[in-house]
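Reader: Please pick one part of this model and take me through it closely. Then show me how its surroundings are put together.

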Amino acid sequence: MNRGRRLILALAAPALALLIAGLLASALLLATDADVGGFWETLLTWPGDRNLVNIANNSAVLYLSGVAAAIGFRMNLFNIGVEGQYRIGAFVGAVVAGEALLPGPANTVLAVVLAMASAAAWAGIAGLLRVTRGVSEVIGTIMLNSIAALLVGYLIKQVGVTTGNATNTKPVPESSWVGGLDLPFIGDAGSTQFYGLGLLAVLVGVLYYVVITHTRFGFDLRATGTSDSAAVASGVDVKKMIVIAMLLSGAVAGLIGMPVLFGQAHNFGSSFQSGIGFSGIAVALLGRNHPLGIAAGALIFAFLSEQANALNILVRISPEIIEVTQGVIVLAVVIAYEITRRYRVRLEQSAVARQLATPTAPVPQEAS
């Protein structure tokens, strides 16, 4: 297959996905007697400056969640436990930061490192269960999600501070807060700023790309995900790779809550945003586990979440419909990529068949 045809197929997949998603979303809105025209008009309206900053902030958080899931997916590991790992990491980070064991920024660094370590250890449980007992990582991480939610809820009551009806961890001292940034391509957003630790998303994205595509470890990771037997034949310790992949995935999941903790909330409690880990799985699938694809997926999901408020106020469409629309987009992407993949395979098979059917010229014999 020539380069031009490959490029056309690469562009056809997302275009087909958008078309399918648009049709399915419109059918869903018609089935719920919603205003389809108002939905698309409001959804496609360019957001205001403050909304753009909110989208950037949500995108950074979703990107971290997407990379956490993608590390497992690259190795054919379905780490469904990003949500639980995120909760464990955010809780540990908030408790450590609230204790102010070190002064100023050193306290922030210590909290971030321990948040990553705790989330990695939590994910490592599922990895160890997989390699030592053969427990599916899907089952293991789902159960660990439930345990994490209950455990964190219990521990908050033990170590948290109750104010009114809310119980939160001790507040992070102001000297450890991480200030926001004004984005140069956005105008006046008032007091709304981009999370300072949102830059972690950029750093993680670059490291993810370099490690996966330019290191021996990344090659072994992808080889193991493609074929266990081939990886073993090439000398890869598959069990060791499974544990390492889960630890890395969990470590990134531990970063998910840090931008909000140090940039806005300054404590962890029942009001801390939930569901980001599950959204990250969808973002990774939407982005095909590629760093740039994950960024695009995070932007789309953040855009839809931000526009949900306008759709609810202006067109009276429930936010739940937006969440369903996000699921429809993921479904459309899966369908579109599978269609293009099968078409590409058929083209390659046809090309091979034509080459085999072409008669080869006889090889001239050398004179004796």
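Author: First, the ground rules. This is a predicted model, in which local features need pLDDT of at least 70 and side-chain atom pairs count only at pLDDT 80 or more, while totals for chains, interfaces and linings use all residues. Residues are numbered from 1 along each chain as its sequence is written, and side-chain values use heavy atoms, with hydrogens and water left out.

Start with Ser 249. This residue sits in helix α10, residues 238–253. (Helices are DSSP runs of H or I with at least four residues, strands are runs of E with at least two, and both are numbered from the N terminus.) Is Ser 249 buried or exposed? Ser 249 is buried, with a relative accessible area of 0%. (Buried means under 20% relative accessible area, exposed means over 50%, and partly exposed lies in between, using a 1.4 Å probe and protein chains only.)

What does Ser 249 touch? Set aside its neighbours within four places in sequence. Ser 249 is then in contact with Ala 68, Ala 69, Ile 71, Asn 79 and Gln 85. (Contact means heavy atoms within 4.5 Å.)

Helix α3 covers residues 49–74. The axes of α3 and α10 come within 8 Å and cross at roughly 175°. (Axes are lines fitted to C-alpha atoms, for helices over the stretch in contact; angles run from 0 to 180 degrees between N-to-C directions.) α3 and α10 are therefore roughly antiparallel to each other. By class, the contact of α3 with α10 has nine nonpolar residues, one polar and no charged. (Ala, Val, Leu, Ile, Met, Phe, Trp, Tyr, Cys and Pro count as nonpolar; Asp, Glu, Lys and Arg as charged; the others, Gly among them, as polar.)

Now leave α3 by the loop to α4. Asn 76 lies in that loop. Its phi is positive, about 65°, although Asn 76 is not a glycine. At 46% relative accessibility, Asn 76 counts as partly exposed.

Next comes helix α4, residues 82–99. Here Arg 87 and Glu 83 form a salt bridge, 3.6 Å from N to O. (A salt bridge puts a side-chain nitrogen of Lys or Arg within 4 Å of a carboxyl oxygen of Asp or Glu.) The two are four residues apart, so about one helical turn separates Arg 87 from Glu 83. Arg 87 is partly exposed at 23%, while Glu 83 is buried at 5%.

Lys 170 pairs with Glu 99, and the closest N and O atoms are 3.3 Å apart. This pair links distant parts of the chain, 71 residues apart: Glu 99 is in α4, and Lys 170 is in the loop between β2 (166–168) and α7. Both count as partly exposed, Lys 170 at 36% and Glu 99 at 41%.

Val 211, Ile 212 and Thr 213 in α7 meet Phe 217, Gly 218, Phe 219, Leu 221 and Arg 222 in α8.

Asp 220 and Arg 216 come together at 2.9 Å between the closest N and O atoms. They lie four residues apart in α8, about one turn of the helix. Asp 220 is buried at 12%, whereas Arg 216 is exposed at 54%. In total, the model has four salt bridges.

Methods: Angles under 35 degrees count as roughly parallel, over 145 as roughly antiparallel, 65 to 115 as roughly perpendicular and the rest as oblique.
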